[in-house]
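Here is a short briefing on one protein model. Look at the sequence and the structure first, then read the points below.

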Amino acid sequence: MSRVSTRSRQRKRVLSTALSAFTCAALVAGCAQQISGVPTTMGSYSTTEVAGLPVTNGPSGPKPDAPDAPLPVDGTDNGPMDRLARNAVADIDEYWSSVFPETFDGKRFVPVKRLVSYDSGGPGQQLCGENTAGVVNAFYCPPDDLVAWDRGTLLPELDNSFGPMAVVAVLAHEMGHAVQHRARTVKPDDQVIVMEQQADCFAGAYFRYVAEGSSRYFQISTGKGLNEVMGVLSFIRDAPGKSDFMGSNAHGSAFDRVTAFQYGFDEGPQRCAKMDFDDVSRRTTLFGSWKAGQDTDLPVDERGLEAVEKSLQEVFRDTGAEPPTITTGQSSCGRRTTPASYCASTNTVSLDLPALQRIAQPPSKEAESGYGDFAAYAQVASRYALSVQKAAGLPLDDPAAGLRTACMVGAWSGLLVEDPIGKRNPVGSLRVVAEDIDEGVAALLGEDSLIAADVNGKQVPVGFARVEAFRIGVQEGMAPCSTKYSAP
Ligand SMILES: [Zn+2]
């Protein structure tokens with residue numbers, strides 16, 4: 001997060017005047033009408049469902065009675081990683097064989113020509129015009145119609161860090177590229193980001209099939225299981241197999257990837273097939289990258305807090321809610337959540353500054369690292385959002401409150417995004433960048449964030465729903481926060 005200087009802000013304001021009336025009306029005006037009144041539309045949200053499927057917390061991974069797929073794999077060592085990968089491809093083949101004709105004008109799905117297993121730590125071989133030595137990756141190679149994976153490092157690392165379904169997710173993504181070449185849902189000169197978003201979306205569609213219990217090989221819980229799969233999305237990358245797959249950062253932010261996965265999971269492969277550059281650029285706000293070298297780390301201190309408080313007041317002003325007092329002193333309520341807590345009787349948000357500073361540590365592989373500055377300030381925003389809900393007469397202590405909160409934090413963040421296409425007219429002088437939004441996603445997928453928690457700190461138990469609520473706020477602004485997430 002960072003502050004913009006007055007000078008550049010003024011310039012920006014002049015440039016975006018023509019757009020501002022429309023953009024702000026769409027993003028902010030809804031908030032005055034929706035949040036401050038009693039919701040009139042019943043939400044489509046259910047605390048016992050994930051995108052229409054029951055919330056489950058059973059096992060995720062290979063089914064105990066799964067068959068062994070007889071697919072030939074070149075270079076295999078017949079070890080457990082290759083067995084997992086081979087069964088994943090067989091399962092994904094079965095999925096596409098069943099849905100491909102109804103999705104793509106009756107066409108039949110043809111499996112890829114060749115599967116290759118290699119060890120990135122072993123002697124290299126030529127694959128898709130590249131030497132595989134040291135290539136820790138999995139990839140689809142269009143000219144050869146092959147899918148290859150590194151059984152030596154990549155697959156075991158994914159399995160260790162995220163569980164076996166992470167390996168399945170990577171292969172579902174690569175097979176998504178095979179699908180898009182077969183169905184011609186992308187053109188060879190399409191932007192890499194469109195291809196990547198579509199592959200993530202196709203992977204999401206396949207995972208719904210697994211979550212519905214239709215897979216012969218795998219099972220996944222819609223609670224923790226899907227959580228882990230969404231966690232892995234930001235780790236998978238394509239191999240340098242073909243030049244047009246090599247654009248740096250073209251895979252999308254974690255936010256973009258999770259969005260595409262959720263679209264596939266929620267709406268099926270037809271939604272993925274509709275993805276083109278227009279669609280992708282319209283719904284992501286995140287093409288904008290802060291100018292290289294510019295500091296985007298807003299320290300958690302008095303000055304930073306002041307800027308965030310001002311920004312929250314600006315974004316939520318139209319709700320008419322009395323802004324809460326933000327203090328680093330003791331909570332005036334007995335009830336206390338860390339690192340921030342909201343006391344409804346005094347309309348006060350009290351903060352534990354050292355705890356916030358720990359969360360604001362840059363993310364790293366260390367166990368004690370934090371999520372970054374945005375993740376810390378988003379927790380402050382979440383308690384602020386409770387005060388807006390209180391003013392609107394909404395309950396603060398049920399699962400709908402947690403999701404409304406995540407949605408409103410998302411809406412606040414979305415209003416601070418600036419993109420180079422100028423589609424957004426950001427509010428105030430605080431800006432967030434793609435990395436910030438990703439910190440929010442990471443914190444939401446974790447176990448201990450307040451971003452999707454009610455006033456007692458009780459987090460909505462399903463990661464998929466937490467991220468979805470935040471995403472809807474980022475993309476659509478404040479209006480859906482109270483309509484979609486109204487009390488049951
Ligand atoms: Zn890809």
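In this predicted model, strand E11 and strand E13 (residues 348-351) pair in the parallel sense over three bridges. Strands count as paired if DSSP finds at least two bridges between them. Helices (H or I, at least four residues) and strands (E, at least two) are DSSP runs, numbered from the N terminus.

**How to read the model**
- Residues are numbered from 1 along each chain as its sequence is written.

- Three strands make an open sheet in the order E11-E13-E12, with mixed pairing.
- Its edge strands are E11 (325-327) and E12 (340-343), and each pairs on one side only.
- Neighbouring strands here are turned by 20° against each other on average, direction ignored.
- Angles run from 0 to 180 degrees between N-to-C directions, and axes are lines fitted to C-alpha atoms, for helices over the stretch in contact.
- Opposite Thr348 in E13 stands Thr325, and opposite Val349 in E13 stands Ile326.
- E12 and E13 pair in the antiparallel sense over four bridges.
- Cys343 has Thr348 in E13 as its bridge partner.
- Four residues lie between the strands in the hairpin of E12 and E13, where Asn347 takes a positive phi near 50°.

**Side chains on E13**
- In a regular strand the side chains alternate between the two faces of the sheet.
- Which residues point one way from E13, and which the other way? Thr348 and Ser350 point one way, Val349 and Leu351 the other way, and all are buried.
- Buried means under 20% relative accessible area, exposed over 50%, and partly exposed in between (1.4 Å probe, protein chains only).

**Helices H13 and H11**
- Helix H13 (residues 373-391) lies across E11, E12 and E13, running at about 10° to E12.
- Two packed helices are described by the angle between their axes and the distance between the axes.
- The axes of H13 and helix H11 (residues 302-316) come within 11 Å and cross at roughly 40°.
- This crossing of H11 and H13 is right-handed. A crossing is right-handed if the near helix is turned clockwise from the far one by less than a right angle, and left-handed if anticlockwise.
- Residues in the contact include Leu305, Val308 and Phe316 of H11, and Tyr377, Ala381 and Val388 of H13.
- Contact means heavy atoms within 4.5 Å.
- By class, the contact of H11 with H13 has nine nonpolar, two polar and no charged residues.
- Ala, Val, Leu, Ile, Met, Phe, Trp, Tyr, Cys and Pro count as nonpolar, Asp, Glu, Lys and Arg as charged, and the others, Gly among them, as polar.

**The sheet with E5, E8 and E9**
- Another open sheet has three strands in the order E5-E9-E8, with mixed pairing.
- Here the edge strands are E5 (114-118) and E8 (138-141), each pairing on one side only.
- E5 and strand E9 (residues 146-150) pair in the parallel sense over five bridges.
- Arg114 stands opposite Leu146 in E9.
- Helix H3 (residues 80-103) lies across E5 and E9, at about 150° to E9.

**The whole chain**
- The protein chain has 17 helices and 14 strands.
- Buried residues make up 58% of its 488 residues.

Methods:
Predicted model: local features only at pLDDT ≥ 70, side-chain atom pairs only at ≥ 80, totals over all residues. Heavy atoms only, no water.
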